[in-house]
Amino acid sequence: MEILRCENLTKIYGEGNIRTHALKSLSFSVEKGEFVSIVGPSGSGKSTLLHILGGVDKPTSGKVFIDGTEIHGLKEDKLAIFRRRQIGLIYQFYNLLPMLDVDENIGLPHLLDGRKLDRERLDNIVEHLGLTERRRHLPGQLSGGQQQRVSIARAIYNRPAILLADEPTGNLDRSTGAEIVSLLKEANRTWKQTLLLITHDENIALQADRMLCIEDGEITRDERIRSLGGDE
């Protein structure tokens with residue numbers, strides 16, 4: 001079942017002689033539950049693509065469908081609601097609020113949506129991610145790996161249609177980074193979360209079901225690594 005479809009995505013920055021084509025008519029789709037890694041050199045358009053898929057940037061032209069909804073056709077208030085409910089964003093620099101503890105950071109998007117917290121689900125996720133003993137800690141009292149775990153918990157709490165991770169291990173040492181990738185893979189398998197992950201690390205990229213290579217704003221390779229939900 002298709003969960004994400006992009007049609008002729010183009011993004012242009014600047015005007016006249018300083019126009020830059022960050023994306024050039026990208027088209028692809030992703031199946032529900034698929035783990036897709038996105039690789040390419042710096043400046044190739046990877047982060048631009050993820051920001052457009054996440055609804056935090058708009059394409060110059062083209063469409064993005066998530067679970068059947070064309071997100072850039074939504075008004076800003078509707079898009080904000082859709083983003084909170086259907087898109088889980090995980091960044092390199094965590095983006096946690098420093099004055100909120102672990103539980104509050106995880107539940108914040110849900111509360112902003114005017115909904116009551118599901119304490120059983122919150123307890124389950126916190127335990128699953130090894131944060132039980134840190135629930136009352138502020139971000140400044142956590143290690144980088146623990147902060148990224150909170151970021152992951154926040155992203156998956158709402159059961160979004162897709163998870164978008166932009167270099168989630170880029171600010172971590174290799175050992176901690178490997179743990180974070182393992183947790184994301186587990187979310188993909190345990191909770192059937194569709195996952196798109198940008199990385200410069202080939203070892204991480206090859207753990208996905210599928211790898212997209214982007215260069216100069218274009219998809220240069222779309223490679224199936226393993227069958228969906230299967231082994232190499």
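The sulfur of Cys 6 sits 16 Å from the closest cysteine sulfur, that of Cys 213, and that is too far for a bond. Keep in mind that this is a predicted model. From the side of Cys 213, the closest cysteine sulfur is the one in Cys 6, again 16 Å away and too far for a bond. A disulfide would need the two sulfur atoms within 2.5 Å. The count of disulfides in the structure is zero. Both cysteines are buried: Cys 6 has a relative accessible area of 2%, and Cys 213 has 8%.

Next, the nonpolar cores. The largest one has 31 residues, and those with the most contacts inside it are Ile 106, Leu 129, Val 150, Ile 152, Leu 184, Leu 195 and Leu 197. The elements that each give two or more residues to this core are helices H3 (102–112), H4 (119–128), H5 and H6 (174–190), along with strands S7 (162–166) and S8 (194–198). Which of them gives the largest share? H5 does, with six residues. Apart from this core lies another, of 28 residues, and Cys 6 is among them, as are Ile 87, Leu 164 and Leu 196.

Let me stay with H5. The helix covers residues 144–157, which is 14 residues, and spans 20 Å from its first C-alpha to its last, close to the 20 Å expected at 1.5 Å a residue. Of the 14 residues, 13 are buried, so H5 is largely enclosed by the rest of the structure. Leaving out residues up to four places away in sequence, Val 150 touches Leu 96, Val 102, Asn 105, Ile 106, Leu 131 and Leu 142. After H5 comes Arg 159, with a positive phi near 55°.

Now the charged residues. Side chains of opposite charge can pair when their charged atoms come close.

In one, Glu 76 meets Lys 58, with 3.2 Å from N to O. Glu 76 is in helix H2 (residues 76–86), while Lys 58 is in the loop between helix H1 (46–53) and strand S4 (61–66), so the pair ties together parts 18 residues apart in sequence. Lys 58 is partly exposed, at 41% relative accessibility.

Another joins Asp 103 to Arg 135, with the closest N and O atoms 3.0 Å apart. Asp 103 belongs to helix H3 and Arg 135 to the loop between H4 and H5, so this pair ties together parts 32 residues apart in sequence. Are these two residues buried or exposed? Both are buried.

Arg 210 is in strand S9 (residues 210–215) and Asp 222 in strand S10, 12 residues apart, and the pair links distant parts of the chain. Arg 210 is buried, with a relative accessible area of 9%, whereas Asp 222 is partly exposed, at 42%. As for a network, salt bridges that share partners join Asp 101, Asp 103, Arg 119, Asp 123, Arg 135 and Arg 136 into one.

Last, Arg 226, in the segment after strand S10 (218–224). Arg 226 counts as buried, at 11% relative accessibility. What does its side chain reach at 2.9 Å? The side chain of Arg 226 reaches the backbone oxygen of Gln 207. The backbone oxygen of Ala 208 lies 2.3 Å from a polar atom of that Arg 226 side chain.

Note on methods. Residues are numbered from 1 along each chain as its sequence is written. This is a predicted model: local features need pLDDT of at least 70, side-chain atom pairs count only at pLDDT 80 or more; totals for chains, interfaces and linings use all residues. Side-chain values use heavy atoms; hydrogens and water are left out. Buried means under 20% relative accessible area, exposed over 50%, partly exposed in between (1.4 Å probe, protein chains only). Helices (H or I, at least four residues) and strands (E, at least two) are DSSP runs, numbered from the N terminus. A polar contact is a pair of N or O atoms within 3.5 Å; within protein, one must be able to donate a hydrogen and the other to accept it, and residues adjacent in sequence count only if both atoms are side-chain atoms. The expected span of a helix is 1.5 Å times one less than its number of residues. A nonpolar core is a set of buried Ala, Val, Leu, Ile, Met, Phe, Trp, Tyr and Cys residues joined through side-chain atoms within 4.5 Å. Contact means heavy atoms within 4.5 Å. A salt bridge is a side-chain nitrogen of Lys or Arg within 4 Å of a carboxyl oxygen of Asp or Glu.
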